[in-house]
Amino acid sequence: MGGEGTRMRRRGEAGEARERGEARVGGGDHVRGGEVRGNIGESCGNIGARWNEILCSLFHGERFTSRPLTGEGVMASHTFLSLLVLYLYSFHLARPIHCSVGSNGFDTTSVLKEEFSEELLLKPLPDYKVLAHFHFTSTSPPSSSNGKHHHLFPKSIAQLVKKYKIRELELSFTQGRWNYDRWGASDPLSTANGKPPGVELWALFDIPTKEEIDATWRNLTHSLSGLFCASINFLESPTSYSAPLWGFLPNNGDLRYGALPREAICTENLTPWLKLLPCRDKAGIASLLDRPSIYRGHYHSQRLKLRSDGLNGIVIEQTLSVVLQPIDRTSWSMHQLFKKSLTGKCALAKSSKVFLEIEGSLVSQNENILELVGEADMVTNDQHDHSTIYQYNVERYSEHEALDIRVNWKKLLQVSFLQAPLHASRFLMGSGNERGSIAISLQSARNSTKGLYDNSKNCFTRVVIFQVVPWYVKVYYHTLRIYVDGAIRNTKDVVEKINVTPSEDKVSPGTLEMMLQFPCGMMSAALTLDFDKGFLHIDEYPPDANQGFDIPSALVSFPDFISRRIYPDSISSPLLQSYKGRNIVKSYTEVLLVPLTTPDFSMPYNVITFTCTVLALYFGSMVNVLRRRVSEEERLAKSKDKRRPGLIPLLISKISNKVRGIKEDSANQSQSSQPILGPKVVFKVVLIALIAVLGHYFLNTS
Amino acid sequence: MPELRRYWPIAAAAVVFRLALVLFPGDLNLGSRPEVATPLSSLRRLAEGYWLKQSSLSPYAGSMYHGSPLLLPILGPLIANRTEGRPMYFYCSFLFVIVDFISAILIRATGRKLFISNQQNNKSLKLPGKINLAKENAGDVASLIYLWNPLTIVTCLGSCTTPIDNLMVILTIYGACSGVAPLAAFGYVMATHLSLYPAILIIPVVLLLGHGPDAPPSKLFERNIRPFSWKPIIYFVVWTLIWTCHVFLLCSISLKGVGGLHEMFRKTYGFTLKVEDLSPNIGVLWYFFAEVFEFFRDFFLIVFHVNILFMLLPLAIRLKHRPCFLAFVYIAIVAMLKSYPSVGDSALYLGLLGLFASELADMQFSFFLFFGYIGVTLLSPVMHNLWIWRGTGNSNFYFATGLAYACLQTVLVVESVSSMLKHDRMLKKLVSV
């Protein structure tokens, strides 16, 4: 119930931010719908837009809408001659439409155009799961003849880039954890896809000063929060983002990194993401995204990566990786996985391809482990025979003949894919709510990366650890201890470079960037850091305070190891192109859940009154002691003694009188009891009541 | 001068006992007890500050260290040299044993000064024969109370810098009592630099230097035998300025290039006054500020700090003839109302309480107070354990012990003031008879 509470609260705030964000970006989303429909017409030249629309929809096999039909009706009411002229003219127009939409061969007259391509990569994983990796690329040239308008490129993103001067940005929504052990860790696909659970956002800005970058980051989080319907605006507060210098990505201080490990991902994040695609999920590869099937997966990571520079313009890569479990472990097909069939490409896409990647370890060991049903258009291996790619061109398929790749496992075999040199995991040590330790353990995975090592003394493996810790986990960096193969090592021998930004209470998180050097023959290493748990103000706890607080994943990267796969140039595919980049092998560790002590949330009034009572006790009694004049008191007591007996004799005499049944001062009592309801008292009561009624009346009327 | 028999053996036994606990610590782990080490005084935080400074960052980067930059070069190397097989902060604990011993010696010397002036005053008032005057030296008793007080022992072993703070306060009182202005000024400046609150000791120090040690009210004397002299006070002011300049100079050298003095003030005094750290301690403010509505935070911060200042003047007016006792009362009030109190502060005023053993002989509630202190010191760790470690208790349990402790200290302060005034009244009666 508590969890639901948080989610609702967060959603509420996200909704608020969304409104703000949309207001900033300028309602780009709403404009886009119209743009997509209109853009072919515009690309064919801006004349005869309505006729073009009819022709385009004819080309796409779309249904006629009522609007063009009435347009035709109007035309038909004109003279036959004008109709003929227009008819001939439309024939003239049909050619460019054919060129830009129909075939892959691009019109060479226009040098730079916005492009869109869609790809899907399927990859059988060794534990009989399937990785489906959707990859959509949109590019926008640096200078467009259309001014502020775009044909294919999402306007909201272009505005974002322009307004916030973003050089590079990556936003990922992830549910589940990439299993580096079994699904591979050092191939480009897993290096790019393994993302920390929750939301991760980083951006490089083209802004000179630190203060401006921080301000821009704040605005950016709000805009993205609105665009993607998520609580990214929580990254606005300086306690949740950091500025790493080299641990995450080498930069000049213009990088900002933030992560929200507890953010839940669902369709409300997918829908705005699909909105950025020209065909959304109505046609093409994206139409495979059947919500129940993809959210059933074991891992789900949705990414948006954009790069912008003067040379290439803006490039956005939208990827969605899901790891699905086929119902029948030994045999699956695309239709079974997605419950939908791929009937054709998105008409606006420059290329539309489906790849099937078979890891080398599955092929080379035994040819007969896997059996493919369906004929591929092209089969290639990469340079080092790490994998085989089967390519299917989607445009060959139609509603009558849907593309359905089928894979049968002939033999059940346990293999694992390429591992990272060290397997990293992170855990908490200690009990109680006062302090604890964070430990990162690195286990060597030597058998899988044979040949990379020699056991000579001068061989070192370099490891970079990047970790952001929220301020309420107060890390003592001087307690860093490093164990290599179980024996404690002097930190100076192992740490090559270290950069610590200690956390400041309620101001900034702690950032640790550390480059370590381990001997190659090492089997295991461990790092521990002690920390104290902070105590928060009651307002700072989330509604489900007893669940604990999440520490975002640490990033462990291996700068000496590059994950790249080079395929022959005959395959023109942005996805396989991205494999060629020099990507460093890296892996994210688990998210840690730290329980923090809670105060009693129902106590504020009690605590205030108790504490103030104690203070009043001190103050009052001290004043009393200081102002007492005993000599005066004694004099006063003496003068009282003359008039009246002491308190105790008085009490005794009263009690003895009562026992004896004598009514003392009975006459006085009766006298004093009589005038209780005297006319004076009644008059006063009535007067006060009258004043109260009048006052109430006047207050209410005014 | 009457001396307590076997003073030296008992004092030596206390030192040996401490050394034994340092060498064979068992599994005490006192440094992590919130009652002993506060965010201001914890040696663990000092080690972090030293590490940050070694890696050419400001020691105040982050929110770990809030102590003086002068302690870093003195204690830092002692902490950083970790020897295998030795307990943590081994050398520091040695240092603190010595510091504790010096404090005890200074308390004893202060007691002697008080005793001598007491005897002179009694003679001039012709009191001997009328009342039973103390035969033995109260300084010896106070010094032994300080040495054998379990709270002092715990503080000494608890890896926190409180013993040094206490030494500086005692040094101030001793210097003022014996009329040595430079020493008093040094103690005063250092104590204020280390923990801010001793700044209010300026009133008793000035009175001590001007009038001399405690005496019965001046009205009782036939002629004014103790005129107020300005000369030592001027000396004191000059020396205070000199020492302050020294301290600032050293601090700015130590923090050169990494922050500077402005950051030091923000992170030490600002941290103390704003009560930024809400981790539990023996006081009541942590829970109060964890619970109070953000809107009222500033208001209550002012109220709590002004509460310390409010009582200064009334107390100074009523107790101006007894500046040493006034200093004790101030220290006790500060220990009760300061933002991060620890048992080390109580150890200090309980030790000083021994100096006035003969004057406060007929104090009320002493039995209740004695067992109250024992009860709270036993219950507080239990409640902390139940709340933090076992999760079966609740924060209110621990807060309740804090409240009880504050009440006990209130009673102690008020009762001691009241009985001191009563004692003066009695003297007055005896003289006028």
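In chain A, strand β4 (residues 198-205) lines up antiparallel with β6(A), with 6 bridges between the two. Strands here are DSSP runs of E at least two residues long, numbered from the N terminus, and two of them pair if DSSP finds at least two bridges between them.

How much of β6 is covered? Strand β6 (residues 255-260) of chain A has 6 of its 6 residues buried, meaning under 20% relative accessible area with a 1.4 Å probe, protein chains only. Both faces are covered, with L255(A), Y257(A) and A259(A) buried on one side and R256(A), G258(A) and L260(A) on the other.

## The open sheet

Elsewhere in chain A, an open sheet of 3 strands runs in the order β9-β14-β11, paired antiparallel. β9 (331-333) and β11 (370-373) of chain A each have a single partner strand, so they stand at the edges with one side lacking a neighbour in the sheet. The twist averages 15° from one strand to the next, with angles taken between N-to-C directions, from 0 to 180 degrees, of lines fitted to C-alpha atoms.

β9(A) and strand β14 (residues 406-409) of chain A are joined by 3 bridges, and S331(A) is partnered with N408(A) in β14(A).

## About the model

This is a predicted model, where local features need pLDDT of at least 70 and side-chain atom pairs count only at pLDDT 80 or more, while totals for chains, interfaces and linings use all residues. Residues are numbered from 1 along each chain as its sequence is written, chains are lettered from A and ligands numbered from 1 in the order in which they are written, and side-chain values use heavy atoms, leaving out hydrogens and water.

Note on methods: Helices (H or I, at least four residues) and strands (E, at least two) are DSSP runs, numbered from the N terminus. Buried means under 20% relative accessible area, exposed over 50%, partly exposed in between (1.4 Å probe, protein chains only).
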